[in-house]
Amino acid sequence: MRTAEQAKMIAYRAVASKFPSAQMAFCAGSIIRGEGTDTSDIDLVVIFPELKHAWRESFIFNGCPVEVFVHDLATLNYYISESDAKTGVPSLAQMIVEGTVVWGSEQDAAKLKTFTKSIIETGPPPLSFEDLCNRIYGISDLVVDLNSPRSRTEAVGIATRLYHQLADFALRSQKCWSGAGRQIPRALQRN
């Protein structure tokens, strides 16, 4: 298992090798939080001065899986303010807030961290009445299905889906950020 220091060094070398004209980069994820496992990858947010479009890619670098999110400030703002806000899952902003600067000016990175932290502190846009009603309907429908599953496998599938929808509803109805997959327990703990 890699340490945070090893992950930061790999991230730095990856940026130097693959993205040397980047303005800044943040190394984030479970390894940086001290929660990494033997199969954890390195999350790397790379910011350029200007791009035609953002992209995401995965590769192996120095024997370590790396998942890269490549943006400029305009695409980053769009993804955080529009895409992540609509889903209620602040993945990109959270990576920057929790991330360690491995490339570029600490001063520029601090400004970006302040911006993304303010987005997270503000919370997602509130759900509309229609969204709330649709979510309540979906949860109710799953509860009915869970009352009479046709098999244990079906019950597990329904319960898994219900867990996600209940957690998301509990968070979003309180104007809190949600999560996806293994991010859900962290989102519930934060709130």
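Strands S1 and S5 (residues 100-104) pair in the antiparallel sense over four bridges, where pairing calls for at least two bridges found by DSSP between two strands. This is a predicted model, in which local features need pLDDT of at least 70 and side-chain atom pairs count only at pLDDT 80 or more, while totals for chains, interfaces and linings use all residues. Residues are numbered from 1 along each chain as its sequence is written, and side-chain values use heavy atoms, with hydrogens and water left out. Helices (H or I, at least four residues) and strands (E, at least two) are DSSP runs numbered from the N terminus.

- Strand S1 covers residues 24-28, and five of its five residues are buried; buried means under 20% relative accessible area, exposed means over 50%, and partly exposed lies in between (1.4 Å probe, protein chains only).
- Which residues of S1 point one way, and which the other way? Met24, Phe26 and Ala28 point one way, Ala25 and Cys27 point the other way, and all are buried.

**The chain as a whole**

- The protein chain has eight helices and five strands.
- Along the sequence, these elements follow the pattern α-β-α-β-β-β-α-α-β-α-α-α-α.
- The C-alpha atoms fill a box of roughly 55 × 35 × 30 Å, taken along the principal axes.
- Of the 191 residues in the protein chain, 41% count as buried.
- Among contacts (heavy atoms within 4.5 Å) with a separation of 6 or more, 59% are between residues 24 or more positions apart.

**Salt bridges**

- How many salt bridges does the structure hold? There are eight, each one a side-chain nitrogen of Lys or Arg within 4 Å of a carboxyl oxygen of Asp or Glu.
- One of them joins the side chains of Lys8 and Glu5, at 2.7 Å from N to O.
- Both Lys8 and Glu5 lie in helix H1 (residues 4-18), three residues apart, which is about one turn of the helix.
- Lys8 is partly exposed, with a relative accessible area of 22%, whereas Glu5 is exposed, at 54%.
- Arg33 forms a salt bridge with Glu35, and their closest N and O atoms are 3.0 Å apart.
- Arg33 counts as partly exposed at 28% relative accessibility, and Glu35 counts as partly exposed at 43%.
- Arg33 also meets Glu98 in a salt bridge, at 3.3 Å from N to O.
- Glu98 lies in helix H4 (residues 91-98) and Arg33 in helix H2 (residues 30-33), so this pair ties together parts that are 65 residues apart in sequence.
- Glu98 is partly exposed too, at 28% relative accessibility.
- A network of salt bridges links Arg33, Glu35, Glu98 and Arg186.

**The largest pocket**

- Rolling a probe the size of a water molecule over the atoms shows where empty space is left.
- On a 1 Å grid over the protein atoms alone, a pocket is an open set of points where a 1.4 Å probe fits, with protein on both sides within 12 Å along at least five of seven lines; its lining residues have an atom within 4 Å of a point.
- About 750 Å³ of space lies in the largest pocket, a volume being the space filled by probe spheres set on grid points that are joined across faces, edges and corners.
- Of the 30 residues lining this pocket, Asp43, Phe69, Ser91, Met95 and Gln183 are the closest to its centre.
- The elements giving two or more residues to the lining are H2, strand S3 (55-61), strand S4 (64-72), helix H3 (73-87), H4 and helix H8 (183-190).
- H4 supplies the largest share of that lining, five residues.
- By class, the lining has nine nonpolar, 10 polar and 11 charged residues; Ala, Val, Leu, Ile, Met, Phe, Trp, Tyr, Cys and Pro count as nonpolar, Asp, Glu, Lys and Arg as charged, and the others, Gly among them, as polar.

**A look at Val66**

- Val66 is found in strand S4 and counts as buried, at 3% relative accessibility.
- Leaving aside neighbours within four places in sequence, Val66 is in contact with Asp41, Ile42, Leu44, Glu57, Ser58, Phe59 and Phe61.
- Val66 and Ser40 are 26 residues apart in sequence and 9.1 Å apart in space, C-alpha to C-alpha.
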